[in-house]
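Please keep the sequence and the structure at hand while reading.

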Amino acid sequence: MSCDSRSTPQEQLRSDKVHPPVPPMPVINLGHLTLEPETRSRVVEDIANACHDLGYFQVINHGISQSVMDRAVEAASEFFKLPSETKQEFASDDIRRPVRYGTSSKDGTRPSRTFLKHYAHPLSEWMKYWPEKPPTYREDMGKFSAGVRRVALELMEAILEGLGLGKHYQHEEFENGLQLLQVNCYPKEPEGESAIGLAPHSDHGFLTILLASCPGLEVLDRSSDTWRVVQQPRHALHVHVGDCMEVLSNGRVKTAVHRAVLNHGEARISMASIHSFAMHEKVSVAKELVDEQDPEKYKESSFSDFLDYLMSNADKKRMSFLESLRT
Ligand SMILES: O=C(O)CCC(=O)C(=O)O
Ligand SMILES: [Fe+2]
């Protein structure tokens, strides 16, 4: 199981073209979405602008308590500290497994990332496959997953409204959609080196919501073609627009290309929660966003089609799944 459509641009070392975040990171106060209609409209517009101009933003006042966030990071961190044999029980090359543990290496010797990926919605269906060690993992990660899913659904409604489709557009498909939690652990960066933990890619799915224990995430700024360092305030969640959103919007919003670099000071935990339709549900361009000037730009596909593409050796083709959908 994976969520990445690993792709362009070519991987660059951190020393290439890294700038502080300019323009400033949009920070959306989610609590304002439930205030009076004028305030909601302003927030919907802010979200629409962030999706259109950048493909990423952050949310605060999202309703997930600091302790739920901290405990989820702690549970993840404890999992990665377990003896290798315990973690290896989840190791598999089969990307359709409900839980999968693995490592990747950029130099063939040291791991640059270790990951645990598992589905998280509906919790009652998936939690029984999750690690039982550390003993807090299921409860703490379960609370965090449920909170993040609520935030994702709220954001989807606002984004659909901003696209002029109405907040209930394909409501059932989003309600029944899947959630994939990708839990990453990156080693501390060796002294004097500059290393990539996770190569540039965009995420499949409509939205990714990210929480990390310390800096390391970088996003590609499309206007200047440079990498921007993401600073994530402790209480904020970072949001990426994913490939499915680009398809549904017929390219009005673009998927966010991002990467992770190793942190100088400490090992890093990140948790990427990916939200999509159910496994076999097709995502297609919204017909309302197609006309003579704007013909349909993408073919329809499901999450299952995406997994099939990954298994068909997509990396060797050097074309991302999203690129393969362009008409
Ligand atoms: O570690 C990060 O900050 C990014 C993780 C990520 O992009 C992913 O898991 O898809
Ligand atoms: Fe990602």
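Helices, of at least four residues, and strands, of at least two, are DSSP runs numbered from the N terminus. In these terms, Ser-92 belongs to the loop between α3 (84-88) and β5 (99-104). The model is a predicted one.

**A loop residue**

Is Ser-92 buried or exposed? The cut-off for buried is under 20% relative accessible area. Ser-92 has a relative accessibility of 15% and therefore counts as buried. Its side chain also reaches the backbone nitrogen of Asp-94, at 2.9 Å.

| Helix | Residues | Span | Expected span |
|---|---|---|---|
| α2 (66-81) | 16 residues | 23 Å | 22 Å |
| α5 (137-162) | 26 residues | 37 Å | 38 Å |

For α2, the span is close to the value expected at 1.5 Å a residue, and the span of α5 is likewise close to its expected value. The buried residues of α2 include Val-68, Met-69, Ala-72, Val-73, Ala-75 and Ala-76. Ser-77, Phe-79 and Phe-80 of α2 are buried as well. As background, residues three or four places apart in an α-helix point the same way, because there are 3.6 residues a turn. Just after α5, Gly-164 adopts a positive phi of about 80 degrees.

**Strand β6 and its partners**

Strand β6 (residues 113-121) is largely enclosed by the rest of the structure, because eight of its nine residues are buried. Six bridges pair β5 with β6 in the antiparallel sense, and Ser-104 stands opposite Arg-113 in β6. Strand β6 also pairs with β7, again in the antiparallel sense, over seven bridges. In this second pairing, His-118 is placed opposite Leu-181 in β7.

Strand β12 (residues 237-241) is mostly covered, with five of its five residues buried. Which residues point each way from β12? Leu-237, Val-239 and Val-241 point one way, His-238 and His-240 point the other way, and all of them are buried.

Strand β4 (residues 56-60) runs antiparallel to β12 and is joined to it by four bridges. Here Phe-57 stands opposite Val-239 in β12. Strand β9 (residues 207-212) is likewise antiparallel to β12, and four bridges join the two. Across this pairing, Thr-208 stands opposite His-240 in β12.

**The surroundings of ligand 1**

How many residues surround ligand 1? There are 14, and the closest are Gln-182, Tyr-186, His-258, Arg-268 and Ser-270. By class, the shell around ligand 1 contains six nonpolar, five polar and three charged residues.

Several side chains place polar atoms by the oxygen atoms of ligand 1. For His-201, a polar side-chain atom lies 3.1 Å from an oxygen atom of ligand 1. For Asp-203, a polar side-chain atom lies 3.3 Å from an oxygen atom of ligand 1. An N or O atom in the side chain of His-258 is 2.9 Å from an oxygen atom of the ligand. Taken alone, ligand 1 exposes 290 Å², and the protein buries 100% of that area. The elements giving two or more residues to the shell around ligand 1 are β7 (178-186), β8 (196-203), β13 (258-261) and β14 (268-276).

Note on methods:
Residues numbered from 1 in each chain as written. Chains lettered and ligands numbered in written order. Predicted model: local features only at pLDDT ≥ 70, side-chain atom pairs only at ≥ 80, totals over all residues. Heavy atoms only, no water. Expected span 1.5 Å × (residues − 1). Buried < 20%, exposed > 50% of the residue type's maximum accessible area, 1.4 Å probe, protein only. Pairing = 2+ DSSP bridges. Near = heavy atom within 4 Å. Polar contact = N/O pair within 3.5 Å; in protein donor to acceptor, adjacent residues only side chain to side chain. Areas by Shrake-Rupley, 256 points an atom, 1.4 Å probe, with all protein chains shown as cover. Nonpolar A, V, L, I, M, F, W, Y, C, P; charged D, E, K, R; others polar.
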